[in-house]
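Here's a quick briefing to read alongside the structure. Keep the viewer open and follow the topics one by one.

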There are 2 protein chains.
Amino acid sequence: MRIGELARRTGISERALRYYEEQGLLRPARRPSGYRDYDEGAVDTVRDIRTLLAAGLPTALIAELLPCMVNGTAGLAPGCPELVPYLEKERDRISAAIDDLARTRSLLNAIIAATPPENPNPPVCDREPAVELATR
Amino acid sequence: MRIGELARRTGISERALRYYEEQGLLRPARRPSGYRDYDEGAVDTVRDIRTLLAAGLPTALIAELLPCMVNGTAGLAPGCPELVPYLEKERDRISAAIDDLARTRSLLNAIIAATPPENPNPPVCDREPAVELATR
DNA sequence: CTAAACCCTCACGTTGGCGTTAAGGTCAAG
DNA sequence: CTTGACCTTAACGCCAACGTGAGGGTTTAG
């Protein structure tokens with residue numbers, strides 16, 4: 001398929017798809033005209049790329065990681081044990097990020113719950129503090 | 001205290017602290033010399049800023065949110081119900097981010113677990129695919 | 001009184017993941 | 001054979017959260 005269809009099927013802009021290729025994440029075939037020609041597996045690959053990007057992995061690492069994933073059968077290929085330290089590092093970073101996000105979400109929820117509803121004529125503020133901040 | 005001490009006590013660079021002020025997140029007093037003069041509460045405020053920043057909240061929203069937090073007693077002040085929609089939006093975004101991170105972490109863990117250990121003389125690849133990708 | 005440490009305000013540079021023209025080829029339909 | 005949809009490369013723009021000097025004042029210790 002050409003780039004437009006892949007963009008529609010993945011929801012990713014054409015610009016982003018060209019960028020992924022520039023970064024070595026996608027390697028579409030080329031037609032005589034120069035048009036990019038993607039196979040069906042590209043749809044899944046793009047989805048994987050998005051998942052990894054959303055997790056904060058840099059494109060350079062994703063580029064090395066993708067060849068370790070067998071596209072069609074959704075399996076893992078051997079041969080990249082040298083990546084493991086990086087993956088462990090990313091995993092730990094992700095764990096820390098999850099913890100931080102969870103704490104912040106609790107904070108936001110507490111603030112939302114404690115916020116007084118819309119009041120056109122608010123009384124003087126004499127309420128007690130209601131939410132613990134500084135979640136250390 | 002001056003900016004250097006605050007930087008040491010928070011672990012945040014002086015440049016970042018000046019940037020936070022530029023964005024309206026901190027409002028230190030000024031000495032006749034022009035030097036910034038922070039009170040003790042600034043340490044906690046900086047920590048809150050970092051937590052919220054780490055969760056992806058933009059400085060503009062943090063600037064509106066901070067006045068709703070009573071610094072010393074660690075409580076919540078009323079008077080900002082108009083922020084609630086934004087907070088709910090951020091909370092939902094954070095929830096989605098957590099889910100995505102958790103999925104990616106599982107993916108990374110699976111890859112790590114399935115990666116063959118260092119093998120200077122690897123056999124021909126005839127193993128079965130071991131990891132499910134495309135965690136939709 | 002001087003040196004060192006500390007602080008100030010510009011103001012440009014960096015990084016990543018794209019968005020956005022600009023200036024043009026390709027291809028199927030009418 | 002022209003229109004219009006689709007594609008190409010090239011290249012500049014953007015945003016956030018700072019980093020990194022440049023060039024110069026302030027405070028403190030000896």
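Take helix 2 of chain B: the face turned away from its buried side carries Arg15(B) and Glu22(B), both exposed. Keep in mind that this is a predicted model.

**Helix 2 of chain B**

- On the buried side of helix 2 of chain B you'll find Ala16(B), Leu17(B), Tyr20(B) and Glu21(B). Looking down the axis of helix 2 of chain B, these buried residues fall within an arc of 145°, so they line one face of the helix.
- An α-helix has 3.6 residues a turn, so residues three or four places apart point the same way.
- The cover over the buried residues of helix 2 of chain B includes helix 1, strand 1 (29-30), strand 2 and helix 3 of chain B.
- After helix 2 of chain B comes Gly24(B), with a positive phi near 85°.

**Helix 1 of chain B**

- Which residues of helix 1 of chain B are buried? In this helix, residues 3-10, they are Ile3(B), Gly4(B), Leu6(B) and Ala7(B). They cover an arc of only 165° around the axis, which puts them on the same side of helix 1 of chain B.
- Packed against the buried residues of helix 1 of chain B are helix 2 (14-22), strand 2 (36-37) and helix 3 (41-54) of chain B.
- Here too a glycine with positive phi comes next: helix 1 of chain B is followed by Gly11(B), whose phi is near 80°.

**DNA strand D**

- DNA strand D is surrounded by 21 residues, and the closest are Arg18(A), Arg36(A), Ser13(B), Tyr20(B) and Tyr35(B).
- At least two residues of the surface near DNA strand D come from each of helix 1 (3-10) and helix 2 (14-22) of chain A, and helix 2 and helix 3 of chain B. Helix 2 of chain B gives the most, with 4 residues.
- Tyr20(B), one of the buried residues of helix 2 of chain B, has a polar side-chain atom 2.8 Å from a phosphate oxygen of DNA strand D.
- Gly4(A) uses its backbone: an N or O atom there lies 2.9 Å from a phosphate oxygen of DNA strand D.
- What does the side chain of Tyr35(B) come up against on DNA strand D? An N or O atom of that side chain is 2.5 Å from a base nitrogen.
- Of the atoms of DNA strand D within 4 Å of the protein, 69% belong to sugar or phosphate, and bases supply the rest.
- Sorted by class, the surface near DNA strand D has 8 nonpolar, 5 polar and 8 charged residues.

**DNA strand C**

- There are 21 residues around DNA strand C, and the ones that come nearest are Ser13(A), Tyr20(A), Tyr35(A), Arg18(B) and Arg36(B).
- Helix 2 and helix 3 (41-54) of chain A, along with helix 1 and helix 2 of chain B, each supply at least two residues of the surface near DNA strand C. The largest share, 4 residues, comes from helix 2 of chain A.
- Ser13(A) has a side-chain N or O atom 2.5 Å from one, Arg36(B) places a polar side-chain atom 2.8 Å from one, and a polar side-chain atom of Thr59(A) lies 3.5 Å from one.
- For DNA strand C, sugar or phosphate accounts for 66% of the atoms within 4 Å of the protein, with bases making up the rest.
- The class breakdown of the surface near DNA strand C is 8 nonpolar, 5 polar and 8 charged residues.

**Nonpolar core**

- The largest nonpolar core has 68 residues, and those with the most contacts inside it are Leu17(A), Leu65(A), Leu17(B) and Leu65(B).
- Leaving aside neighbours within four places in sequence, Leu17(A) touches Ile3(A), Leu6(A), Ala7(A), Ile12(A), Leu26(A), Tyr38(A) and Val46(A).

**Chain A overall**

- Chain A has 5 helices and 4 strands, running α-α-β-β-α-α-β-β-α along the sequence.
- Of the 136 residues in chain A, 40% are buried.
- Taking contacts in chain A between residues at least 6 apart in sequence, 44% join residues at least 24 apart.
- Ala97(A) sits in helix 5 (residues 84-114) of chain A. Its relative accessibility is 24%, so Ala97(A) counts as partly exposed.
- Ala97(A) and Ala55(A) are 42 residues apart along the chain, with 9.3 Å between their C-alpha atoms.

Technical notes. Residues numbered from 1 in each chain as written. Chains lettered and ligands numbered in written order. Predicted model: local features only at pLDDT ≥ 70, side-chain atom pairs only at ≥ 80, totals over all residues. Heavy atoms only, no water. Buried < 20%, exposed > 50% of the residue type's maximum accessible area, 1.4 Å probe, protein only. Arc of directions from axis to C-beta. Contact = heavy atoms within 4.5 Å. Near = heavy atom within 4 Å. Polar contact = N/O pair within 3.5 Å; in protein donor to acceptor, adjacent residues only side chain to side chain. Nonpolar A, V, L, I, M, F, W, Y, C, P; charged D, E, K, R; others polar. Core = buried A, V, L, I, M, F, W, Y, C linked by side-chain atoms within 4.5 Å.
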